[in-house]
Amino acid sequence: MPKKDELVRKLLSKPMPTNFTVRELDALMSKCGCTKFEGGRGSGIGYLHNKSKRIIQFDGPHPGHELYRYQIKKVIEFLQELGEIK
């Protein structure tokens, strides 16, 4: 399992990664103190930041498992606001 700094480096790489998977996101969010939940609208996935009780939620990518660019941007912004990444 990749370390947090390796996942953050990939997430923040330029140009924006097109191969950041839901599995990698699950690992990163877990290392940032988040708990994953599913449900809501169809293939929706979400993460609860246990310390702040803030939530990020979006539709899961399909048919593949790679996140879309807007999802990557949303994740980066969420983690920066929480102070989990710089």
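A: Glutamate 24 is found in helix α2, where helices (H or I, at least four residues) and strands (E, at least two) are DSSP runs numbered from the N terminus. The model is a predicted one, in which local features need pLDDT of at least 70 and side-chain atom pairs count only at pLDDT 80 or more, while totals for chains, interfaces and linings use all residues. Residues are numbered from 1 along each chain as its sequence is written, and side-chain values use heavy atoms, with hydrogens and water left out.

Glutamate 24 counts as buried because its relative accessibility is 17%; the terms are set so that buried means under 20% relative accessible area, exposed over 50% and partly exposed in between, computed with a 1.4 Å probe and protein chains only. Not counting residues up to four places away in sequence, glutamate 24 touches Leu7, Lys10 and Asn19, a contact being heavy atoms within 4.5 Å. Helix α2 covers residues 22–31, and its buried residues are Val22, Glu24, Leu25, Ala27, Leu28 and Met29. These buried residues pack against α1 (4–11), β1 (34–38), β2 (44–49), β3 (55–59) and α3 (69–82). Just after the helix, glycine 33 takes a positive phi of about 85 degrees.

Of these neighbours, α3 can be taken up next. Two packed helices are described by the angle between their axes and the distance between the axes. For α2 and α3 the angle is about 5 degrees and the axes are 12 Å apart; axes are lines fitted to C-alpha atoms, for helices over the stretch in contact, and angles run from 0 to 180 degrees between N-to-C directions. The two helices, α2 and α3, are therefore roughly parallel to each other, given that angles under 35 degrees count as roughly parallel, over 145 as roughly antiparallel, 65 to 115 as roughly perpendicular and the rest as oblique. Where they meet, Leu25, Leu28 and Met29 in α2 are in contact with Val75, Phe78 and Leu79 in α3. The residues of this contact divide into 6 nonpolar, no polar and no charged, with Ala, Val, Leu, Ile, Met, Phe, Trp, Tyr, Cys and Pro counted as nonpolar, Asp, Glu, Lys and Arg as charged, and the others, Gly among them, as polar.

The strands are the other part of the surroundings. They form an open sheet of 3 strands in the order β1-β2-β3, with antiparallel pairing, where two strands pair if DSSP finds at least two bridges between them. The edge strands are β1 and β3, each of which pairs on one side only, and from one strand to the next the twist averages 20 degrees. Helix α2 packs on this sheet and touches β1, β2 and β3, its direction making about 15 degrees with that of β2. Helix α3 also lies across β1, β2 and β3, running at about 175 degrees to β3.

Within the sheet, β2 is mostly covered, as 5 of its 6 residues are buried. On one pairing, β1 and β2 are joined in the antiparallel sense over 5 bridges; here phenylalanine 37 stands opposite glycine 46 in β2, and the bridge partner of threonine 35 in β2 is leucine 48. On the other, 5 bridges join β2 to β3, which also run antiparallel, with glycine 44 opposite aspartate 59 in β3 and isoleucine 45 bridged to phenylalanine 58 in β3. The hairpin of β2 and β3 has 5 residues between the strands, and in this hairpin lysine 53 takes a positive phi near 65 degrees.

Helix α1, which α2 also packs against, holds arginine 9. Arginine 9 counts as exposed because its relative accessible area is 54%. The C-alpha atoms of arginine 9 and glutamine 80 are separated by 13 Å, although the two residues are 71 residues apart along the chain.
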